[in-house]
Structures are given as C-alpha cells and as structure tokens.
Amino acid sequence: MDCYKTHCHWMRRALELAQAAGVAGEVPVGAVIIDPQGQFLAEAENRRERDCDPTAHAEILALRRAGQTLKNWHLNQCTLYVTLEPCPMCAGAIVQARIHLLVYGVDDPKTGTIRTVANIPDSAYSFHRLLVLGGILESACRQQLQSWFAQRR
C-alpha cells in the first residue's frame with residue numbers, strides 16, 4: 001500500500017471513531033495510532049461529555065492507550081492520525097509522547113496549534129520535532145464537523 005493510501009486508510013478509521021463520538025453527543029473527533037511497522041496500536045474518540053473529563057480528547061486517550069499497550073510513554077516512530085488539528089493541550093501531549101508523524105484531516109481556525117493559530121511543534125520551547133502532514137481527507141473531516149455543529153445550532 002503506498003503512503004497516501006495508507007494515510008487515507010487510517011484517517012477513514014479516525015472518521016468512523018469521530019462519527020461514533022458525534023452520535024454520542026461529543027464533538028466528532030477520532031484518533032488512531034499506528035506503530036513503526038504500520039500496524040494498529042491504539043484508537044480513541046472524544047469522550048469529554050461522557051467521562052466528565054476536560055482532558056478526554058481523542059488524541060489524549062489514544063496516546064494513553066498506546067503507552068499502556070507498549071508499556072512505554074515514548075511513542076517514537078509512531079504515527080498519530082486525527083480528524084481535526086490538535087488543540088494546545090493535545091499538541092503538548094503529542095510533543096511529550098515524541099510522536100514521529102502527526103497526520104490530521106482539517107485545520108482548526110479557532111484552537112489549532114500545529115499550523116493554524118499557533119505552531120507548538122516548531123516553537124522554540126518545543127524540545128521534540130515531529131513531522132506533520134495536514135489535509136488528509138480534509139473535505140470529509142470538515143463536512144463531518146460542520147454537519148455536527150449545524151445540527152446543534
């Protein structure tokens with residue numbers, strides 16, 4: 001499977017997780033982590049409302065699960081797929097986990113801190129540099145979020 005097809009494959013899974021989150025009343029965001037060999041490692045969806053936990057973003061939960069699976073918080077060489085550009089909290093956790101590659105679907109013009117509002121990974125205070133690829137299945141990710149918010153307004 002070539003690189004683009006691989007990215008689309010895992011982003012489609014993240015979209016499925018995001019859909020489940022949206023049905024459950026959560027902002028529809030899903031995340032998947034694969035290991036250095038390209039195999040599934042962990043996944044999660046937003047659970048802030050259900051868990052009454054402000055930190056229960058899809059990325060944070062997936063990072064926790066991946067660390068538990070590997071028995072190591074260093075997620076070097078792992079790839080994180082997420083449908084929406086991470087917020088400041090998640091961007092910080094991604095750097096702390098030492099994720100190798102972050103692949104996200106759509107920019108977040110309000111709180112995106114990978115490339116849109118701020119750039120935490122490339123900032124002077126970030127000790128870890130990660131690769132970033134945005135825009136994978138961008139229109140599907142955008143449509144999912146826009147539809148969910150339109151139903152609630």
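These legends describe close-up views of a predicted model.

**View 1. Helices H1 and H5 pack against each other.** Helix H1 covers residues 3-23 and helix H5 covers residues 138-152. Their axes lie 10 Å apart, at an angle of about 5°. Because angles under 35 degrees count as roughly parallel, H1 is described as roughly parallel to H5. On the H1 side, the residues that meet H5 are Met11, Leu15, Ala18, Gln19 and Gly22. On the H5 side they are Ala140, Cys141, Gln144, Trp148 and Arg152. Sorted by class, this contact has 6 nonpolar, 3 polar and 1 charged residues.

**View 2. Helices H3 and H4 make a left-handed crossing.** Helix H3 runs over residues 58-70 and helix H4 over residues 88-97. The angle between them is about 20°, and their axes are 9 Å apart. This angle makes H3 roughly parallel to H4. H3 contributes Glu59, Ile60 and Leu63 to the contact, while H4 contributes Met89, Cys90, Ala93, Ile94 and Ala97. By class, the contact has 7 nonpolar residues, no polar ones and 1 charged residue.

**View 3. Ile60 is a buried residue of helix H3.** Ile60 is found in H3. Its relative accessible area is 10%, and it is counted as buried because this value is under 20%. Leaving out residues up to four places away in sequence, Ile60 touches Thr55, Met89, Cys90 and Ala93. Ile60 and Ala44 are 16 residues apart in sequence, and their C-alpha atoms are 8.4 Å apart in space.

**View 4. Strands S1 and S2 form a hairpin.** Strand S1 spans residues 30-34 and strand S2 spans residues 40-45. The two strands run antiparallel and are joined by 5 bridges. Ile34 stands opposite Phe40 in S2. There are 5 residues between the strands. In the turn, Gly38 has a positive phi of about 85°.

**View 5. Thr83 is a buried residue of strand S3.** Thr83 has its place in S3, which covers residues 79-84. With a relative accessible area of 1%, Thr83 is buried. Neighbours within four places in sequence are set aside in the contacts that follow. Thr83 is in contact with Met11, Ala14, Leu15 and Ala18, and also with Pro28, Val29 and Gly30.

Definitions and conventions: Residues numbered from 1 in each chain as written. Predicted model: local features only at pLDDT ≥ 70, side-chain atom pairs only at ≥ 80, totals over all residues. Heavy atoms only, no water. Axes fitted to C-alpha atoms, helices over the stretch in contact; angles between N-to-C directions. Helix = DSSP H or I, 4+ residues; strand = E, 2+ residues; numbered from the N terminus. Parallel < 35°, antiparallel > 145°, perpendicular 65-115°, else oblique. Left-handed = near helix turned anticlockwise from the far one by under 90°. Contact = heavy atoms within 4.5 Å. Nonpolar A, V, L, I, M, F, W, Y, C, P; charged D, E, K, R; others polar. Pairing = 2+ DSSP bridges. Buried < 20%, exposed > 50% of the residue type's maximum accessible area, 1.4 Å probe, protein only.
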